[in-house]
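Please look over the sequence and the structure shown here before reading on.

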Amino acid sequence: MTTNIIPNRKVYLAIAAAIAAVSIGIIAVFGLRFGIDFTGGSLTEVSYTVAPDKAALETMVFDLGLEGSSVRASVDEAGRDAYLIRTRDLSEAERITLSETVTQLGVDGEVSRFTSIGPVIGQELRDKAVWAIGAVLLVIILYVAYAFAGIGTPVRSWTYGGITILVLMHDILVPTAVMAVLGMLIGAEVDVLFVMALLAVLGYSVNDTIVIFDRVREQLVANRTEHRVEREEAGIMLAEVTYTLDKPYVELVEAAVSQSMARSINTSVTTMVSLIALYFIGGDVTQNFALVLLAGVIAGTYSSLCIASPLVVAYAKWRGVDVDSVQTTKVI
Amino acid sequence: MSEPITTPTEIKETAPVIRLFRAAVVLACIGWLGYVVYSPVIDPTTSHPFKLGLDLAGGSHLVYEADVSKIDPTEVDELMNVLRNVIEGRVNRLGVEENVVYVEQSSFVTETPIERLVVELPGVSDVREAVAEIGNTPLLEFKLYNAELDAQQQSIGQSLESLAQSGTSSGAVIGDVKVNGEVVSDELPFTDTGLTGRFFERAEAVLPQNTQGSGFNSSPFLNITFTPEGGELFAQITRANVGNQLGIFLDGELLSAPTINEAITGGRAVVSGSFTPDEVQSLSQNLNFGALPVPIELQSTQTIGASLGEEVLGKGVAAGVIGFSLVIAFMLLWYRLPGLVAGVALVSYITIMLALFQYIPVTLTAAGLAGFILSLGMAVDANVLVFERMKEEYRAGASSREAARVGFNRAWSAIRDGNITSLLSAIILFWFGTSLVKGFALVFGLGVLVSMFSALVITRTLLVTLPDVKKSDHTSWAFLLGNGYKR
């Protein structure tokens, strides 16, 4: 099976650039709604068998004078009508006042979920998330550069690490844009679960990209001829080894992509069916998690097949490597 | 690649009996582990049940922040441990089963480390009682009067007063605590001595019979017996500060500030204040249940109703079962017999993971469950990698067993590199993360290792037990060992 992805790389890269641009646009326009996990504050879910009017509830909540309160209609896990009330972080006394106020209205009012997070914890969580993602990216770059070191490719091994990260950016942008849309449509908020989904996407995407680069590596090693020139200098034997690729670089990368196609798609299918099950059956708590991950897996599959390898070839060409014909690289 | 790969060194064929035996051993192990994992579901008295997080079991999660800013950094760990024991003792009085109290440090990401105490109360959805109970834990401190600090505050107070001009309000306003008849700010001019609740052995309320006009100790007071260590510290403090005032603070408020006349040895102290008999009695009781070594403040509360948790758990398990079935169905359709083998490997992956959840133990949360369901799809990846390689060899004419062998060898570098990066990510997340992220990282990291094991050991063992056929044989075995995709 030939996919012709590498020969048509400009088209695929243009699509990727468009996807990334649209994602950035969506994020910029809609913005992300940060949940109390990150901002601090409190969230009260109150469920009713017969829910009161939203306006009535709002009036009562606002009358408590808690700054920045908002009320959002929702459905709890058991399928009852519920409201989510978000306020600044509450003291124990304020919590009691609020829960007494909101259960007065409607029928069988019950606070089914309450979370209050101090601003310090929120800030710390945000810092940690940024640090963790940064550290993971750094380690990936280093490991990929290390794993591909010294195979004498037309481009240096750092390129593979760097491109892995570029591809990751694309894969993170897409689910983040999905989150922004969800925020706009149903008021979904960025919470710890979202960060975990992004981290999972990160892991998935890197794995997918590395598998294809592994094929590239294999192709390069299998299709090269070694030339060894030994000479003596000041009594020491020096061996200078050069390699000639037996096929053009473009062809080798294309072969690697074509061979990885079935595996990439199959793994994404098995992952997606799990996520679809999670989305439809797994309950409200993890529904957004599943949707965001689904977007990430699709983006990750596209990017590892249609962005990563084309980018390597494009970069090599830009650096002046003649990718279309048989050429020589040198490794000492 | 189109040429069949021939291995350079001739591999000695293992006897079929041995291969069958190995496969049987692997299957038996999975079966046994499956029974072990399943037994807690039918036998509730097991010593290794699944540990459900509060969001699945329902309950409350309280986070207190401990103020350790005035504590010698080398002592912080010990004090937090004392604090943990004290609070655990109090929470136990509530009769909540399986409550968990633990200390958590903010990671090095924050500039100043913050010490937190986390209290988890499964099944408790009304935290009022728990918060009140914990709030009852008294903080009794002995502090020394600091004349220098007092002078500074006085001058600040005076300048404030002159600013305020009118006589209606005093400059130092916030706390209306009086010491020796003077109004001071809430930052009283006292310095810590380190003599706090951790050194108390016993407290005893003393109610004098004659409360009428007998002068000195007529109102109720408290007799405190220090631990030997505390007694020594008390003696040391009093010896070094004869003539100075020793302030006694309850929950940050000054009770009394007697002048030290002489070194007090013997490890006892008298705490007096304007107590009523009831107050002094409940205070002594509360002190005997444990006093706080450091001040704490409630930072965050999380409550999840029990029925809600059950609902989330039920749906999560259902999603897992459906997701698992779909993955296996896909693998069977695409890879036929090897797909079945991958299914067995996936079953063993699930069994091993669940066993690890029970025995480590890993607390299962909604997020952890979602992560686990996601991992079902990703765990077959190593199998997919191997099967795709195997397919290439098989198509090119290699026998199925030979194709499997080459497939494993060829796929290894991709499996290795992909999994090492995942593992490194998991380690970093575990290192940086808060408890929630830590749980996710642990499940993720374990999943990587276990899925690798299931593919490299279980899939491999079973795959080489299957009959050795060639695609050109055109038998039903040859069909079963091929795969569904026609070029």
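**Where the chains meet**

Arg113(A) stands opposite Ile304(B) in β14(B). The model is predicted, so that local features need pLDDT of at least 70 and side-chain atom pairs count only at pLDDT 80 or more, while totals for chains, interfaces and linings use all residues. Residues are numbered from 1 along each chain as its sequence is written, and chains are lettered from A and ligands numbered from 1 in the order in which they are written.

Strand β14 of chain B, residues 296-304, pairs with β4(A) in the antiparallel sense over 4 bridges; strands (E, at least two residues) and helices (H or I, at least four) are DSSP runs numbered from the N terminus, and pairing requires that DSSP find at least two bridges between two strands. Across the whole interface, 61 residues of chain A are in contact with 64 residues of chain B, contact meaning that C-beta atoms, placed from the backbone, lie within 7 Å.

**A helix in chain B**

The buried residues of α7(B) are Val280(B), Leu283(B), Ser284(B) and Leu287(B), where buried means that 20 or more other C-beta atoms, placed from the backbone, lie within 10 Å of the residue's own. Because these residues fall within an arc of 100 degrees when α7(B) is seen down its axis, they line one face of the helix, the arc being that of the directions from the helix axis to the C-beta atoms. They pack against β5 (140-145), β9 (200-206) and β10 (221-226) of chain B. Just after α7(B), Gly290(B) takes a positive phi of about 125 degrees.

Notes. A residue is buried if 20 or more other C-beta atoms lie within 10 Å of its own, exposed if 12 or fewer, and partly exposed in between; C-beta atoms are placed from the backbone. Two residues are in contact if their C-beta atoms, placed from the backbone, lie within 7 Å.
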